[in-house]
Amino acid sequence: MLNASLKQLATQLLEKKISSVELTEAFLKHIKSLNPELNAFITINEEMSLAQAQVADKMIASGQAHPLTGIPVAQKDIFCATGWLTTCGSKMLSNFVSPYDAMVIERFNQVGAVNIGKTNMDEFAMGSSNETSYYGPVKNPWDTLAVPGGSSGGSACAVAARMVPAATGTDTGGSIRQPAALCGISGIKPTYGLVSRYGMIAFASSLDQGGPMAKSAEDLALLLNVMVGFDERDSTSLQREPEDYTRDLEKPLGQLRIGLPKEYFAKGMSNNVASAVEAAIAEYRKLGATMVEVSLPNTKLSIPVYYVLAPAEASSNLSRFDGVRYGYRASRYTDLEDMYKKTRAEGFGAEVKRRILIGTYVLSHGYYDAYYLQAQKLRRLIASDFTEAFKQCDVIMGPTSPAVAFNLGERSNDPLQMYLSDIYTIAANLAGLPAMSIPVGFGDKNRPVGLHIVGNYFKEARMLNIAHQYQQVTDWHLRAPVGLFEAK
Ligand code: GLN
């Protein structure tokens, strides 16, 4: 059951083979046995989860079931949820119990899904390894010496270790896709604006986007059906006709043109990642797709551009954490200014402070034109590369991450090395494009490899179709790190 798809779970619930309370209890038990070692969850609240499960059972009994009714979903601790501790992985919010629900949480509540806990993450979603969390690093369930990726590392780990059938993540520069790749699961960052950012604690607002993380593309489609929707409380939320993201899953792939950017297959990618990605591409050829060489000449600029723009927006967004209204406040201070200083010095970790410093610098008088404005112009060029490429192909494929999961501690003292983990994922955020990662095998030390698929705006249903067809002929997405939990 821990390995079942969302559809299988829904059928069992509907046919009353199992109740939501039983299902929730089973996953909670599994979480309790694994979490002390893996640290995927910051908060578990059995009472609240089971109360939701009871409501779900009533919905099912009265014939009001939605495909996700009664199914446990883990929520990244960046989403505000009423009555739940909502920390964003930071000491700054270590005492913050949210008085309201994020739109994403509201949506899951409306369909009767069960919030099974809040997952660990890099502090304020800044990081690529989950090591900047105030609550300590998460371990990769495939190899506990390795990082799970970040910043949605807790969600990725929880799904990979089958502690939960599905989870949410957020992706500013790769934080859904990169941990999905490193933990061998599937994840999608939708087109910017599709999932409301209301109640999702802001990192870099023009890049942040919520999305689902699960075992398969089919599961992602069911989750997206719940998460996507217009919300007037988010000024960048898109007003569009609702779509059924499962509608194209079963379509054959004939006529599919896959763009392979020559820049992606250049130096930098480790051989073991390249061979898994190439094997996946060969599989797509067998499924009838044709390959087209495309070029994304500004790819190399995406890291410098992102690391100007994201910190600039973060420095502004994080100014609200001042110890006055909510969150952490230093216990000793002399006057108001000293209270601000001590609160922020004690409440934020090193990586967050680094971003605030960089962001404040690039926005300051005299540097704004040289850095911030320049980065905005380059952002446009990066987006135009994709517009050109999509004239020749339907989707772009490549590796999600240049290497498999690295060891805990290996890059935590070298921010630049850490930033390079995002080379393949960041451009999609800068352009606002939908992008996903699916598992396609194992590389060095038997650690998972992810295939990155970028689509044109609003092509989520097509991308999920492309991923699903691959998952019909392969079984990477069904593999779990068995040794870790079957013995327990
Ligand atoms: N790793 C990137 C960063 O540190 C992306 C994080 C994210 O997508 N939230 O900013």
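Serine 151 lies in the loop between β3 (114-119) and α5, where helices (H or I, at least four residues) and strands (E, at least two) are DSSP runs numbered from the N terminus. A cis peptide bond joins glycine 150 to serine 151, with omega at about 5°. The model is predicted: local features need pLDDT of at least 70, side-chain atom pairs count only at pLDDT 80 or more, and totals for chains, interfaces and linings use all residues. Residues are numbered from 1 along each chain as its sequence is written, and side-chain values use heavy atoms, with hydrogens and water left out.

Helix α5 (residues 153-160) is largely enclosed by the rest of the structure, because eight of its eight residues are buried. Buried means under 20% relative accessible area, exposed over 50%, and partly exposed in between (1.4 Å probe, protein chains only). The buried residues of α5 include Cys157 and Val159. Arginine 162 follows α5 and lies in the loop between α5 and β4. Lysine 445 is placed in the loop between β10 (435-442) and β11. Both of these residues have a positive phi, as the table shows. Most residues other than glycine have a negative phi, and most peptide bonds are trans.

| Residue | Phi | Relative accessible area |
|---|---|---|
| Arginine 162 | near 60° | 1%, buried |
| Lysine 445 | about 55° | 59%, exposed |

**The sheet and strand β6**

An open sheet of eleven strands has the order β1-β3-β2-β4-β6-β5-β10-β11-β9-β7-β8, with mixed pairing; two strands pair if DSSP finds at least two bridges between them. Its edge strands, each pairing on one side only, are β1 (41-43) and β8 (290-294). From one strand to the next the twist averages 35°.

Strand β6 is mostly covered, with six of its six residues buried. Strand β4 (residues 166-171) runs antiparallel to β6 and is joined to it by six bridges; threonine 168 stands opposite proline 212 in β6. Strand β5 (residues 186-189) is also antiparallel to β6, through two bridges, and serine 186 stands opposite alanine 214 in β6.

Glutamine 209 belongs to β6 (residues 209-214) and counts as buried because its relative accessibility is 0%. Not counting residues up to four places away in sequence, glutamine 209 touches residues including Asp171, Lys189, Tyr192 and Met200; contact means heavy atoms within 4.5 Å.

Elsewhere in the sheet, strands β9 (residues 395-399) and β11 (residues 448-455) pair in the antiparallel sense over five bridges. Glycine 398 stands opposite histidine 452 in β11.

Leaving aside neighbours within four places in sequence, phenylalanine 386 is in contact with Tyr264, Leu296, Ile396, Ala427, Ala431, Leu433 and Val454.

The axes of α9 and helix α11 (residues 350-363) come within 7 Å and cross at roughly 100°. Axes are lines fitted to C-alpha atoms, for helices over the stretch in contact, and angles run from 0 to 180 degrees between N-to-C directions. The two helices α9 and α11 are therefore roughly perpendicular, a class that covers 65 to 115 degrees. Among the residues in this contact are Tyr307 and Pro311 of α9 and Arg355 and Ile358 of α11.

Technical notes: Angles under 35 degrees count as roughly parallel, over 145 as roughly antiparallel, 65 to 115 as roughly perpendicular and the rest as oblique.
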